[in-house]
Amino acid sequence: MTTTEFCCQNKCMAEKEKKTNAMRILDTEGVSYQVHNYDASDGIVDGVTAAAKLGADPDQVFKTLVTRGDDRQFYVFVIPVKEELDLKACARSVGVRSVEMIHVRELKDITGYIRGGCSPLGMKKQFVTVFDESALLSDTIYVSAGRIGTQIEADPQDLIRLAGAKTGMLIRE
C-alpha cells in the first residue's frame with residue numbers, strides 16, 4: 001500500500017498520481033485528502049477486501065451503491081463496506097415507495113464508473129445521494145477515488161457537502 005497526501009492545491013504532492021474526477025473535485029474545492037492505493041491485481045473488488053488491504057477499519061471504508069427508484073430516477077447510497085442496504089429505509093430517505101439495485105452492466109453508462117471503482121464524487125450526472133449517518137462517527141472515511149485500487153480518505157462532512165448529499169439511516173440492523 002502506498003499513501004500519497006495531497007494538499008489544497010497539490011503543492012505538497014509527494015509522488016505523481018493520475019487524477020480521477022473525484023480528486024479533481026476535491027482539489028478544486030481546496031479539500032485536504034489522502035490517496036491510498038492497494039494491489040487489486042487479484043481481481044477482487046469487494047470493499048471488505050479493500051479495507052483489509054489498506055489496513056483500514058471497515059467501519060471507516062464506504063462503498064457507493066446505485067439504485068433505481070419506482071419513479072425511474074437513480075439514487076446513490078454510501079454505506080460502510082461490511083454492511084447491507086436496507087432498501088426500504090433507503091426509499092424512505094429519498095421520498096419514494098421503493099428502490100432496487102441497478103444491474104452492474106448499467107453502472108458505467110449511468111455513472112461513468114465501474115464496479116469496484118464507483119465514487120460518490122464525479123459521476124456523469126448529479127444524483128440524489130445519501131450517506132449512512134455512521135459516516136459522521138469518524139474524523140475521516142474512505143471512499144473510492146473512482147478507479148479500482150485507489151481510495152480517498154477525507155473528512156466525511158466535506159465528502160457529503162461536495163456530493164450534494166444528506167445523511168440517513170440506510171443499513172440493515
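Guide: Let us begin with secondary structure: helices (H or I, at least four residues) and strands (E, at least two) are DSSP runs, numbered from the N terminus. Leu 54, for instance, lies in helix α2, which covers residues 47–54. This is a predicted model, in which local features need pLDDT of at least 70 and side-chain atom pairs count only at pLDDT 80 or more, while totals for chains, interfaces and linings use all residues. Residues are numbered from 1 along each chain as its sequence is written, and side-chain values use heavy atoms, with hydrogens and water left out.

Visitor: How many helices and strands are there in the protein chain, and in what order do the elements run from the N terminus on?

Guide: The protein chain has 5 helices and 9 strands. Their order from the N terminus is β-α-β-α-β-β-α-β-α-β-β-β-α-β.

Visitor: How does one read the radius of gyration of the protein chain?

Guide: The radius is taken over C-alpha atoms, and the globule rule is 2.2 Å times the number of residues to the power 0.38. For 173 residues a compact globule would have a radius near 16 Å, and the 15 Å of the protein chain agrees with this. Along the principal axes, the C-alpha atoms fill a box of roughly 50 × 35 × 30 Å.

Visitor: Is Leu 54 buried or exposed?

Guide: Buried means under 20% relative accessible area, exposed over 50%, and partly exposed in between, with a 1.4 Å probe and protein chains only. Leu 54 counts as buried because its relative accessibility is 5%. His 36, found in strand β2, is buried as well, with a relative accessible area of 5%. Of the 173 residues in the protein chain, 50% are buried.

Visitor: Which residues have the most contacts inside the largest nonpolar core?

Guide: A nonpolar core is a set of buried Ala, Val, Leu, Ile, Met, Phe, Trp, Tyr and Cys residues joined through side-chain atoms within 4.5 Å. The largest one has 30 residues, and Leu 26, Phe 131, Ile 152 and Leu 159 have the most contacts inside it. Among the elements that each supply at least two residues of this core are α1 (21–28), β2 (33–37), β7 (141–147) and α5 (156–162). A second, separate core of 13 residues includes Phe 77, Leu 85, Ala 91 and Val 99.

Visitor: With what is Leu 159 in contact, leaving aside its neighbours within four places in sequence?

Guide: Contact means heavy atoms within 4.5 Å. Apart from those neighbours, Leu 159 is in contact with Leu 26, Leu 121, Phe 131, Ile 141, Val 143 and Ala 154. Across the protein chain, among contacts with a separation of 6 or more, 60% join residues 24 or more positions apart.

Visitor: Where does Leu 170 lie, and how far apart in space are Leu 170 and Glu 84?

Guide: Leu 170 lies in the segment after β9 (166–168), and this residue is buried, with a relative accessible area of 0%. Although Leu 170 and Glu 84 are 86 residues apart in sequence, they are 8.4 Å apart in space, C-alpha to C-alpha. With neighbours within four places left aside, the contacts of Leu 170 include Phe 77, Leu 85, Cys 90 and Phe 131.

Visitor: Is Lys 125 buried or exposed, and where is its place?

Guide: Lys 125 is in the loop between α4 and β6 (128–132). At 57% relative accessibility, Lys 125 counts as exposed. Lys 125 and Gly 112 are 13 residues apart in sequence and 8.9 Å apart in space, C-alpha to C-alpha.
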